[in-house]
Amino acid sequence: MPTFNGQIKALAALPGGKLVVGGEFTQVNGEAHNGIVVLDPATGAIDPSYKWNLESRNANTDVSIRSFDVQGNYLYIGGKFTHVKGSTSDTYAYSKNAARFTLNNKSVDWNWRPNFNGSLTGISANEAGTDVYASGYFSTVNGAPAFRLADLNTTDGKLARDWQWKSSHESTNP
């Protein structure tokens with residue numbers, strides 16, 4: 001049985017029978033794993049071939065993963081972080097609060113690195129592979145307005161459409 005020193009907030013089944021676990025933790029089974037780890041679900045053992053790591057380089061901010069989605073050859077992650085590292089390089093990619101890993105080689109997708117100005121609570125890619133939807137506590141993505149909800153393209157993580165909506169209290173109370 002695996003042991004974590006913090007909370008688990010997200011789970012997703014990966015190809016090959018593995019389980020990715022995300023949350024607010026820094027240790028799993030006594031080893032350093034900051035917010036993300038891949039386990040064998042039958043034994044709880046850490047899969048050492050996944051060298052994924054997350055960092056938050058903002059002052060007084062801990063890493064937190066809140067959501068995963070597996071679509072095709074990708075794992076999309078959403079939460080609170082500023083940098084991600086895959087298994088193929090020791091270099092961290094700047095990708096604020098959302099990122100994508102390529103599953104066949106376990107690398108960070110350097111082409112898909114959106115920049116949300118707040119944390120994500122949900123992320124979901126459509127089955128067609130054209131859009132990724134995100135929800136959370138943000139008001140911009142890559143500097144463009146996106147209040148709490150965003151539709152991103154799967155090519156470069158930029159906004160796919162401009163969803164400028166008003167909350168119910170704003171639309172009835174000018």
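User: Is Tyr-74 buried, partly exposed or exposed?
Analyst: The model is a predicted one. Buried means under 20% relative accessible area and exposed means over 50%. Tyr-74 has a relative accessible area of 28%, so Tyr-74 is partly exposed.

User: Which charged residue sits over the ring of Tyr-74?
Analyst: A charge sits over a ring if NZ of Lys or CZ of Arg is within 6 Å of the ring centre and within 35 degrees of the ring normal. Over the ring of Tyr-74, a charged end lies 3.9 Å from the centre, and this end belongs to Arg-100.

User: How is the pair of Tyr-74 and Tyr-76 classed?
Analyst: The structure holds six aromatic pairs. In the pair of Tyr-74 and Tyr-76, the ring centres are 6.2 Å apart and the planes stand at 55 degrees. Planes under 30 degrees apart count as stacked and over 60 as edge-to-face. The angle for Tyr-74 and Tyr-76 therefore makes the pair tilted.

User: Is Tyr-76 buried or exposed?
Analyst: The cut-off for a buried residue is under 20% relative accessible area. Tyr-76 has 3%, so Tyr-76 is buried.

User: What is the geometry of the pair formed by Phe-116 and Phe-138?
Analyst: The ring centres of Phe-116 and Phe-138 are 4.7 Å apart. Planes over 60 degrees apart count as edge-to-face. With 65 degrees between the planes, the pair of Phe-116 and Phe-138 is edge-to-face.

User: How many residues apart in sequence are the parts that this pair ties together?
Analyst: Phe-116 is in the loop between strand 12 (107-108) and strand 13 (120-125). Phe-138 is in the loop between strand 14 (131-136) and strand 15 (140-141). Phe-116 is buried at 0% relative accessibility, and Phe-138 is buried at 1%. The parts tied together by the pair are therefore separated in sequence by 22 residues.

User: Which residue lies over the face of Tyr-50?
Analyst: Tyr-50 belongs to a cluster linked by ring pairs, together with Trp-52 and Phe-101. At 4.6 Å from the ring centre of Tyr-50, over its face, lies Lys-106.

User: How far apart are the C-alpha atoms of Ser-56 and Lys-96?
Analyst: Ser-56 is in the loop between strand 6 (53-55) and strand 7. At 19% relative accessibility, Ser-56 counts as buried. Ser-56 and Lys-96 are 40 residues apart along the chain, and their C-alpha atoms are separated by 8.7 Å.

User: What is the area of the nonpolar surface patch that includes Phe-147?
Analyst: Phe-147 lies in the loop between strand 16 (144-145) and strand 17 (149-153). Its relative accessibility is 34%, so Phe-147 counts as partly exposed. Phe-147, Leu-149 and Trp-165 together make a nonpolar surface patch of about 250 Å².

User: What is the phi of Arg-148?
Analyst: Arg-148 is placed in the loop between strand 16 and strand 17. Arg-148 is a residue other than glycine with a positive phi, near 65 degrees.

Key:
Residues numbered from 1 in each chain as written. Predicted model: local features only at pLDDT ≥ 70, side-chain atom pairs only at ≥ 80, totals over all residues. Heavy atoms only, no water. Patch = residues over 30% accessible without salt bridge, like charges linked within 9 Å, V, L, I, M, F, W, Y side chains within 5 Å. Areas by Shrake-Rupley, 256 points an atom, 1.4 Å probe, with all protein chains shown as cover. Salt bridge = Lys/Arg side-chain N within 4 Å of Asp/Glu carboxyl O. Helix = DSSP H or I, 4+ residues; strand = E, 2+ residues; numbered from the N terminus. Buried < 20%, exposed > 50% of the residue type's maximum accessible area, 1.4 Å probe, protein only. Phe/Tyr/Trp six-rings, centres within 6.5 Å; stacked < 30°, edge-to-face > 60°.
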